[in-house]
Amino acid sequence: MTMTKRTDKNEDARPPAPGERRGRVGGFVRERLNGLGARYALLLVWLAMAVVYGILMPDKFLNVSTVQAIFGSQSALLLLAVASLCTMVVGEFDLSFAGVMGVSATLVPVLVGLHHMNIVLACLIALAAAVVCGAINAFFIVKLGISSLIVTLGTASLYVGIAENIAHSNTVSVFNQTFSNLALTQFLGLPLSFYYGLVACLVFAYVLTWTPMGRHIVFVGANREVARLAGIRVDRVRATSYIVAGFVAGLAGILLVASVGGFDPTASANYLLPALAAVFLGTAIVKPGQFNPMGTFLGIYFLETGIIGLQLLGYAGWVEDVFYGAGLVLAVTAAVLIRSRTKTA
């Protein structure tokens, strides 16, 4: 027995042969390349798409105005996607965030334009209403234990109806130059609204990655029962996610009104699919298989690049619905495949 152990120890200590060493290095390099490919493949697709558009229409696509159109027009949608992400990361599902945004975006011009209220007070009331909407979702889902899909499907319609009632089924508008400047003032060639969305994603990513609260959120999203056994107040985390989602959706509504000067309450549902497509597309980048803010940020502008390129090529408005729909299906498929691959690895 003693001789056998000494022999095994000597074999472990033996330096690898040149061929074996090359095999280990090659395996390590392949593993690293596979990891980078899984994280950033979407960026390569994005680059390839821009190159194709640039070759097909260099005068239309390769100019500053196109870049500004891509990165300067989707800030409210980005905040709305962040609102959806707030519930996704804890394993919840919310279909009402676009309706919440509609309530907020309707209240501001109605209170200012029809009731002559101070615009700051109107924004605070709109934010409070959005938070109440999130709290209503949390009450039914977390407190009463009703399915999040059923509750938010119902409240989505409820909130759109409330917004239409507030606006008397009309498009409402407001003009306040100072209010508009908060969103439209240019900085480094892009409106301030772009930077608001970027900051929101960076802050969200920091909270999830570097704070105890963020680790609790990720833990609840990964396995709710294990998190409960570990002492995390799971229901509190879930309820907070809906309330914060309502708050962020309210901010998206205010930013939208500041950017375009008004809102049509019947258009709320149009923002649902693009936001969900970006959130799921974000699971295929940066942190494959996980909902993450920076992936969502890149997903928004990846989709917008594709749509604007097709529109410049002469395709009609229907291409937007087709691109978002196809993007959502492909993104969910990629997320499921990456998640299953991660579990079997």
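1. Buried means under 20% relative accessible area, exposed means over 50%, and partly exposed is what falls in between (1.4 Å probe, protein chains only). Val64 counts as exposed because its relative accessibility is 57%. Val64 sits in helix α4, residues 64-72; helices here are DSSP runs of H or I with at least four residues, numbered from the N terminus. Gly189 is 125 residues from Val64 in sequence, yet their C-alpha atoms are 8.6 Å apart.

2. A word on the model: it is predicted, so local features need pLDDT of at least 70 and side-chain atom pairs count only at pLDDT 80 or more, while totals for chains, interfaces and linings use all residues. Residues are numbered from 1 along each chain as its sequence is written, and side-chain values use heavy atoms, with hydrogens and water left out.

3. Have a look at the nonpolar surface patch, which includes Val132, Phe140, Leu144 and Ile150 and has about 690 Å² of accessible area together (residues with over 30% relative accessible area and no salt bridge, nonpolar side chains joined within 5 Å; a salt bridge is a Lys or Arg side-chain nitrogen within 4 Å of an Asp or Glu carboxyl oxygen; areas by Shrake-Rupley, 1.4 Å probe). Helices α7 (119-143) and α8 (148-166) each supply at least two of its residues, and α7 gives the most, with four.

4. Phe139 also belongs to that patch and is found in α7. With a relative accessible area of 43%, Phe139 is partly exposed.

5. On to helix contacts (heavy atoms within 4.5 Å): Leu77, Leu78, Ala81 and Leu85 in α5 meet Pro293, Thr296, Phe297, Ile300 and Tyr301 in α15.

Key
Patches are made of residues with over 30% relative accessible area and no salt bridge: like charges are joined within 9 Å, nonpolar side chains (Val, Leu, Ile, Met, Phe, Trp, Tyr) within 5 Å.
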